[in-house]
Amino acid sequence: MKLTALRSTATLRTTVVALAAMLSVSLHGGTASAEPQKPSAVSSITKDGRTWHLKVYSAAMGTDVAIDVQRPADESKPAPNLYMLNGLDGGEGTASWQAQTNALQWLSDKSVNVIQPIGGRGSYYTDWLEPDPALGVNKWKTFFTEELPPLLDKTLQSTGRNALTGLSTSGTSVLQLAEAKPGLFKSVAAYSGCAQIADPAGKQFVKLATETWAGGNTENMYGPDNSPLWAENDPVINAEKLRGTLLYVSSGSGIPMLDDVKYYLGSSPGPSGAVNLSLGVIIEAAVNGCTNNLKNRLDSLNIPATYQFNPVGTHYWPYWEEALHNSWPMLAQGMELPH
């Protein structure tokens, strides 16, 4: 073979190899040596009696999430999972079922894994459009509906049946999560959560919690006020997706009882106590309006739910603990437990 032909063959072979390499990089993104994404997984388990402290890596958020689990007394039998979402601080501070109530003790004789996520302050446990300078990366909807459930089922050897509860801001979140993946949570209880977020009043409620109190920016959550994501995540607008889920919804009127007054004034002496009392009244009255609107919407769709409209009561923990007790038969029914 002539030298020129050999050179042509070698040149052609080099070109083909280069094109193949370029195509491989193009198809797989980035560089050919890019590391595969780390999958979601249970990173560690620390057992403290019946409480298991889990670290669960979320691929969506790129970080470990703390999950505390109160195991049933008899761990030899598969049990369902009762997710209990915390208040505005995501359980990072004192706005948690564990810190504010006796709920865990009350549930200790029930054959259920009590799932207590820690984290997500001010996030509404939803998927945010963008990372937030104050609140970080939030992809909680993905975490709770896609990543966490199968990991818990495997780690806890659970029955695969789930129930979900939340209060205040997470009282909105539990309805959103139920709508995001219908059938994942068989029963859902929302205590004093504003189900509307797309109307002006609902947006203002979200902004008050996420921006004023938690320091985040709701434009990183759902975008500007005219973004369609507000409506896409509004539980009232999307109420049809709740069909087939056992529902319990509660709220108070905002009218304070003597115990309410003592609580607010005692927990924050001086003018701040009076301010907190006023906020507790105003917030619960507003939530009561949202809850009635949710009821009207569900009624118009012939979707059944159990409602607890208290004629009195402000926005604080004793009412939510009472609602947990009252909603237990419905939660247990969804988890196929005796009630």
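Mentor: Buried means under 20% relative accessible area, exposed means over 50%, and partly exposed covers the range in between, with a 1.4 Å probe and protein chains only. The model is predicted, so local features need pLDDT of at least 70 and side-chain atom pairs pLDDT 80 or more, while totals for chains, interfaces and linings use all residues. Residues are numbered from 1 along each chain as its sequence is written, and side-chain values use heavy atoms, with hydrogens and water left out.

Trainee: Why does Ser-123 count as buried?

Mentor: Its relative accessibility is 0%, which falls under the limit for buried, so the word applies. Ser-123 is in the loop between β5 (113-118) and α4 (140-156). Such element names come from DSSP runs, numbered from the N terminus: helices are H or I with at least four residues, strands are E with at least two.

Trainee: What makes polar contacts of the side chain of Ser-123, and with which backbone atoms?

Mentor: A polar contact is a pair of N or O atoms within 3.5 Å; within protein one must be able to donate a hydrogen and the other to accept it, and residues adjacent in sequence count only if both atoms are side-chain atoms. A polar atom of the Ser-123 side chain lies 2.7 Å from the backbone oxygen of Gly-120 and 3.0 Å from the backbone nitrogen of Tyr-125. Beyond its neighbours within four places in sequence, Ser-123 is in contact (heavy atoms within 4.5 Å) with Trp-128, Asn-138, Trp-140 and Met-221.

Trainee: What makes Arg-71 a charge over the ring of Trp-52?

Mentor: The rule asks for NZ of Lys or CZ of Arg within 6 Å of the ring centre and within 35 degrees of the ring normal. The charged end of Arg-71 sits 4.4 Å from the centre of the Trp-52 ring. Lys-38 lies over the face of Tyr-57, at 4.2 Å from the ring centre.

Trainee: How many aromatic pairs are there, and why is the pair of Tyr-264 and Tyr-316 called tilted?

Mentor: The whole structure holds 16 aromatic pairs. Rings of Phe, Tyr and Trp (its six-membered ring) pair if their centres lie within 6.5 Å; planes under 30 degrees apart are stacked, over 60 edge-to-face, and the rest tilted. The Tyr-264 and Tyr-316 centres are 5.7 Å apart and the planes stand at 50°, so the pair is tilted. It links distant parts of the chain, 52 residues apart: Tyr-264 is in helix α9 (residues 258-267), and Tyr-316 is in the loop between β9 (306-309) and α11 (317-334). Both residues are buried. Elsewhere, ring pairs link Trp-97, Tyr-191, Trp-317 and Trp-320 into a cluster.

Trainee: What makes a space a cavity and not a pocket?

Mentor: On a 1 Å grid over the protein atoms alone, a cavity is a set of points where a 1.4 Å probe fits but cannot get out; a pocket is an open set with protein on both sides within 12 Å along at least five of seven lines, and lining residues have an atom within 4 Å of a point. Points are joined across faces, edges and corners, and volume is the space filled by probe spheres set on them. The count is two cavities of 30 Å³ or more. The largest cavity has about 60 Å³, and α11 gives the most to its lining, with three residues. The largest pocket has about 680 Å³. Of its 27 lining residues, Leu-88, Ala-95, Trp-213, His-315 and Trp-320 are the closest to its centre.
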